[in-house]
Every structure is written in C-alpha cells, then in structure tokens.
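Good morning, and thank you for coming.

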Amino acid sequence: MKIVHIEDFFHPSAGYQVNVLAKYMSKNGHDVFIITSEMEKIPDGLKHFFGDQNIVELDKEYEKKYSVRIIRVPLLTYKSGRSIYKCRKIWSLLEEINPDLIYVHGNDTYIAIRVFLRNNRLKGTIISDSHMVDIASTNRFRDAFRLIYRNTITPIIIRKKIKVIRLSEDGYIWNHFRIPLRQAPVVSFGTDTLLFKQNKDSKEKYREDHNLPKNAFVVLYAGKINKEKGGELLANLTCADFSDCRPIVFIIIGNTVGEYGEKVEELFNSSKNTIIRYSTQPYEELASLYQVADVAVIPAQCSLSIFDFAACGLPIIAEDNEINQERIESLEEGTCFKSGNIEELSKAIKKYAKMEKKELEKKQKNIASKANAKFGYEIQYKKYMEIIESAMKDHNK
C-alpha cells in the first residue's frame, strides 16, 4: 500500500507519532512518504528545541534507516501553531505519488482543512487524527474558528465518513467540532519497546560513571522547558528541600529559550540538589537516559513520552488533568498532583524516594510490564491498520 503522511512539523530526531508510525508501516511492507514543511519559516522555539542544523543529512539518515521518503514543501508562513503551505505543491505531489491512503495529521490544521475541502479531487482514502486537548488550546480566536469548522468542515467529515483518530478518550473533537465519536476511534500513542525497556546494567554503569551515591534517587524530566510545560515549577522542584530523603538527583533533558528560560536556569543554578542537564536528545538516544532514573515527572499539561517513561520502568508523577489521570490509571501506577502545587509535587517525589527498595523495584517492574502489554507499538500499529482498512472499505463502497 502507498501511504502518504502530511504533517505540519516533522523532525527526524523526534519521537512524535508520525516518526514511529511511519517507521512501523514501512517495516510491515508499505511504501511510505512524509510530506512536511521546510524549516525556514518554522518558529525559533520549535527549531531551538529540536535543532535545525544538518536537517538535510538527518532526513537522509531517517530515510535510509527506515525506507521512508521525506518531502519538504515551502510555507507561505507559520501562524497560530499551524503551517500555511503552498498547497499547489502538495496537490501535485499527491497526484504524482497516487497514494492509497492520505493520512493528514491534526484534523484542525490548515492543510487538513484544505484536504477535506478538496476530497472529491484527491485519489485515495483520507483519514486524520486529533492531538489537541482543552488545556493546550489557548488561541484567542478559538471559539470563532470552532464555529466555522462545525458549519463547514464537520459536515464534509460526516458525509465522507472520514475517520479522525483520537489519542485519548477526551471528548475534545465532539465538544468543539461536533465530529461524531463513532467516527473517532481511540488509539493511544504507544512506546517503541525495541528501544524503551528496563536495563539494570545500563542504570548501574551510568551511576558509577557519574559518581552518584549508591542510594541516590533519580528524578527524570524530558521535554520542552517553557511556561506551558511547567518549566518554572520544575525548576522550583529542583530547589525543594529533600533533606529527609536519600540523596535526590535530577536528570533534566531539554532546552530553555528567552527570558523565561533564563529565569528557569537561574533557579536550576541555585538548587542544592544534584542536577544533570542535557540538551534535547535524538529520540533513539533517550532510552539510555530514561533507564537511569527511578521516577519521571510531567510538571504541566501532558506528554506522549509518558509511555516511554513507563516502558523503562518509571512511575510517573504528573499534573492532575484528565489526560494524565486516564493514562496513569491505564498503567496502574503513578501519582497525580494538584496543578501548579509545588508542595504536592515534592511530596509525591518523597513518597517514592522513601519506599523500601524492593517495593519500588516491584512497582517499576509492574509499570514496565503494563506499558509493554498495553502500549507496545507493535500492538498500537495493528490498531491503526484495522482502522485504516475499515476506512478504505468505506471509501471504496
């Protein structure tokens, strides 16, 4: 099958859904293309997080390693978190490739809307997905946008029976776009268990190499270090008093940007706890760092890395929003704290840090087992393909 993914922002070193799904589709014999934006007009925040150096070489490495073709298309601009494409180029590419499936990521993106409007002139089955949740939707024009979408785009999605895959049971697309949930099956993001798994030898070696105390309790954060993701709360956590616990060590992976980043860095530098800092790492390098830790934190919003943390045996301590609660419940281990509450967050860290070694190791083993059994990407891939095959049958009727 020829499959084209259309994605607003793609970086070959990231671990987003499209990076992993495209890889598994190719691995299972499909001819896979990713149409995405050129880097020139992508905001500095995104580029600084992942890095935009050597992108041509990184694309080539990804293509060679996974047999997936990456095609970058010029943008008119990047506005409100959306790539505004020169669509004629995309239409000509789709005509040239002649795909069986067009998977346009993000049902509320500019390019998804253009694809839906053009559906009668495009060959192949169209499916989409929704990555948006209420806590991440902050655009001041969102109510007007949703009203227009409901009255112009949703009728096309319903009439053409276009599937919009949800990453959680969150009702966002029904509540705001009135897309029927019968057309919105749920497939949670998963974890690539070929990479993410427990490794006791790696854990012990790292701690020896970095001269960490034998009884150190290691807390991991990986992701954007900005206001939306709770960067200041994370920094305040590193400054908290853990003198009644065994030695606390923080491994923090991610870049800071601008004045907010400077404030966060000042707090990190003032911490009396040990902090080991890394810039944003390529996706395939992350597992070796995750395996070192004892727990992972998600200070604000939610993170798809939760399943990778879990696969490496890390109980998750996360903000108490609906998505995190749902995911932690499905993993059967972890703790949610009241949003923005540093006392609850540090208390949750202490709860795990004070556990008997055998009890903590049991919890770590259990969460790794649950992540593997429920969210291993081979399992998730099969769920995606069942939905895709069903959509193709509907399209061909």
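I begin with strand β1, residues 2-7, which pairs with β6 in the parallel sense over 4 bridges. Before I continue, please note that this is a predicted model, in which local features need pLDDT of at least 70 and side-chain atom pairs count only at pLDDT 80 or more, while totals for chains, interfaces and linings use all residues. Residues are numbered from 1 along each chain as its sequence is written, and side-chain values use heavy atoms, with hydrogens and water left out.

Helices (H or I, at least four residues) and strands (E, at least two) are DSSP runs, numbered from the N terminus. Two strands are said to pair if DSSP finds at least two bridges between them. Buried means under 20% relative accessible area, exposed means over 50%, and partly exposed lies in between, with a 1.4 Å probe and protein chains only.

Let us return to β6. Which residue of β6 is the bridge partner of I6? That partner is V104. V104 also stands opposite S128 in β7. Strand β7, residues 125-130, runs parallel to β6, and 4 bridges join the two. Right-handed here means that, with the strands pointing away from the viewer, the path from the first strand over the helix to the second runs clockwise.

In a regular strand the side chains alternate between the two faces of the sheet. Within β6, residues 101-104, L101 and Y103 point one way, I102 and V104 point the other way, and all are buried.

I turn next to strand β3, residues 68-73. Because 5 of its 6 residues are buried, β3 is largely enclosed by the rest of the structure. Strand β2, residues 31-37, pairs with β3 in the parallel sense over 6 bridges, and I34 has I70 as its bridge partner in β3.

Further along the chain we reach β12, residues 295-298. V295 and V297 point to one side of β12, A296 and I298 to the other, and all are buried. Two neighbours deserve mention. With β9, β12 runs parallel, joined by 2 bridges, and L220 stands opposite A296. With β13, residues 316-319, β12 pairs in the parallel sense over 3 bridges, and V297 stands opposite I317. A right-handed β-α-β unit is formed by β12, helix α13 (residues 306-311) and β13.

Helix α10, residues 231-238, is mostly covered, with 6 of its 8 residues buried. Those buried residues are G231, L233, L234, A235, L237 and T238.

Now to some loop positions. S13 lies in the loop between β1 and α1. Is S13 buried or exposed? S13 is buried, with a relative accessible area of 16%. Leaving aside residues up to four places away in sequence, S13 touches L58, Q281, P282 and Y283, where contact means heavy atoms within 4.5 Å.

G81 sits in the loop between β4 and β5, and is partly exposed at a relative accessible area of 36%. The C-alpha atoms of G81 and D8 are separated by 9.0 Å, although these residues are 73 places apart along the chain.

N211, in the loop between α9 and β9, has a phi of about 55° and is exposed, with 69% relative accessibility. E332, in the loop between α14 and β14, has a phi of about 65°.

Finally, I come to the second largest pocket, which has a volume of about 680 Å³. Its 25 lining residues include K203, E204, R207, K357 and E361, which are the closest to its centre. On a 1 Å grid over the protein atoms alone, a pocket is an open set of points where a 1.4 Å probe fits, with protein on both sides within 12 Å along at least five of seven lines, and lining residues have an atom within 4 Å of a point. Grid points are joined across faces, edges and corners, and the volume is the space filled by probe spheres set on the points.

Which helix gives the most to this lining? It is α9, with 5 residues. Both α9 (200-209) and α16 (357-375) supply at least two residues each.
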